[in-house]
Amino acid sequence: MLTIDSMNTYYGNIHALKGIDFDVNDGELVTLIGSNGAGKSTTLLTIAGVLKAASGSKIVFDGHDLTRMSAPQIVKMGVTLCPEGREVFPELSVEDNLRLGAYCRKDKKEIADSFDYVYDLFPRLVERKKQQAGTLSGGEQQMLAIGRALMNKPKLLMLDEPSMGLAPNLVLEIFSLIKEIHKQGTTILLVEQNANMALKIADRCYVLEVGTVKFHGDAKEMQNNDEVRKAYLGSK
Amino acid sequence: MTVQYLVNGLTMGLIYALIAVGYSLVFGILKMINMAHGAIYAVGAHMILMFVTWNLGTLPAVILSIVFTGGLLVVYDRSILATLRKKKAPGIAALVTTIGFSQILTNALQIIFGTEIKSFPALFGNKMIQIGNVKFQFSQVYILVVSVILLLGLTLLINKTKVGLAMRAVEQNSRAADLMGINAKGVISVTFFLSGMSAVIAALLLASYYQTVYPTMGAMIGLKGFSASVLGGIGSLFGAAIGGIILGLAESLTVAFLSGAYRDAVAFILLFIILIIRPNGLFGKAKISKV
């Protein structure tokens with residue numbers, strides 16, 4: 001579904017991604033893990049078209065070359081990024097935030113179905129429909145951000161650090177929701193610092209280190225890989 | 001007598017409100033003051049005069065002026081301001097270019113149309129109406145009706161339509177708006193166009209009332225409209241409208257009870273007082289800056 005080939009991204013002079021290769025197959029939950037500054041978020045932002053990939057990079061989604069597309073065009077292709085730090089629209093109501101998630105879609109009936117789906121998944125958002133998003137708690141904002149991304153009915157949902165800054169019980173809740181969304185058929189690319197949790201729900205995993213892919217493989221195997229455990233999971 | 005002054009003040013206030021809305025729209029989305037807005041108002045007035053003298057009829061003349069003036073703002077934004085945004089130029093750079101654009105526009109009007117004061121046709125007639133002791137011109141009724149309709153229309157557009165929702169989204173978080181698939185460039189152009197449109201309508205109404213146009217006609221009214229938008233709380237449409245009306249009424253009452261000579265000064269003294277009491281303006285929100 002998504003194939004990435006020698007993706008390079010620069011922040012000015014800083015060479016942030018140094019030729020990353022990976023792929024995500026239809027229906028998979030793939031996770032990118034790695035420490036701070038490894039390039040995880042940069043990878044997602046580059047796929048989403050917020051950052052420009054350097055020439056020579058290949059990002060192919062369902063046969064379309066994403067490197068030539070703008071961020072809004074990529075959203076229309078069905079690739080949706082739920083960004084780090086949630087980035088909800090603070091002064092808009094929960095409902096308007098969700099409506100914006102479906103900005104690229106036309107069919108009113110299908111949009112209504114997506115509203116039902118999201119409200120079903122996150123019942124807490126129903127109670128807060130009319131409330132300004134900025135007044136929600138951190139966990140609720142994260143749910144809203146994921147819900148908003150789902151409103152695009154994405155073929156590929158990219159989640160950037162969904163557990164960041166949340167209390168442990170909320171982290172569990174968010175992860176079980178991600179698992180649920182995946183089970184219902186959405187392909188997911190998940191970036192996480194909480195590698196333990198991410199590996200538990202993922203099918204496959206790529207470990208990034210300073211802008212390159214260090215290891216990759218089956219998520220279960222990665223959990224048992226000594227080197228990975230030592231570096232990212234806290235060795236025992 | 002006082003009622004008479006209130007009516008006149010309200011009329012002027014609504015014109016200020018239309019100008020203020022133009023500043024407020026652009027500020028809301030770009031956090032930038034478009035100092036060329038007064039000059040845009042003058043461009044609009046001259047365009048209408050030109051098209052009217054071509055005998056195109058009032059409505060087509062107004063529509064063409066809106067298209068050209070609004071279009072001019074969009075082209076200006078796309079060529080200069082958008083480039084500055086792309087290069088992440090500091091806000092002050094954009095501000096200075098708007099001052100420059102204002103001068104260029106005024107100069108262009110002087111070259112093309114001449115510097116003298118030209119007479120503008122009374123497009124809405126100059127019939128007087130008298131109700132009790134209060135006399136007003138028919139064109140004042142037009143000002144009242146048209147500006148209220150325009151202000152309500154803009155409010156509906158922003159609060160009830162998809163493009164309005166997109167405008168509010170870009171205003172609050174343009175990065176996230178990108179991720180929703182919103183074409184921020186398009187939204188910004190729509191905003192500039194609407195800002196230009198409100199300036200042209202204001203010019204149409206006031207020029208038909210005073211029956212004059214000249215290249216520097218936008219300077220003072222531009223400042224007043226800017227003040228009105230700050231007074232009401234810049235970024236808020238409702239605030240801009242109320243700010244304009246308050247300013248208009250205050251000026252008119254000054255003329256009534258003090259003297260016409262104090263008109264402009266009192267308007268700005270009022271601005272100081274309101275800002276000291278409410279630094280964000282009457283309906284402005286305290287700025288939430290998120291990192």
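In what order do the 4 strands of the open sheet in chain A stand? The order is β2-β1-β4-β5, and the pairing is antiparallel. Strands here are DSSP runs of E with at least two residues, helices are runs of H or I with at least four residues, and both are numbered from the N terminus; two strands pair if DSSP finds at least two bridges between them. The structure is a predicted model, in which local features need pLDDT of at least 70, side-chain atom pairs count only at pLDDT 80 or more, and totals for chains, interfaces and linings use all residues. Residues are numbered from 1 along each chain as its sequence is written, while chains are lettered from A and ligands numbered from 1 in the order in which they are written.

Strand β1 (residues 2-11) of chain A runs antiparallel to strand β4 (residues 58-61) of chain A, and 4 bridges join the two. A:L2 is found opposite A:F61 in β4(A). Across β1, β2 and β4 of chain A lies helix α1 (residues 40-47) of chain A, at about 70° to β2(A). Such angles run from 0 to 180 degrees between N-to-C directions, with axes fitted to C-alpha atoms, for helices over the stretch in contact.

The axes of α9 (residues 218-232) and α10 (residues 237-257) of chain B come within 7 Å and cross at roughly 120°. This makes α9(B) oblique to α10(B), since angles under 35 degrees count as roughly parallel, over 145 as roughly antiparallel, 65 to 115 as roughly perpendicular and the rest as oblique. Residues of α9(B), including B:K224 and B:L231, meet residues of α10(B), among them B:I242 and B:L247. The residues of this contact divide into 7 nonpolar, 7 polar and 1 charged.

The two chains also touch each other: 15 residues of chain B are in contact with 19 residues of chain A, contact meaning that C-beta atoms, placed from the backbone, lie within 7 Å. On the side of chain B, α6(B) gives the largest share, 5 residues.

As for confidence, chain B has a mean pLDDT of 92, and 98% of its residues reach 70 or more; pLDDT is the predictor's confidence in each residue, from 0 to 100.

Notes:
Ala, Val, Leu, Ile, Met, Phe, Trp, Tyr, Cys and Pro count as nonpolar, Asp, Glu, Lys and Arg as charged, and the others, Gly among them, as polar.
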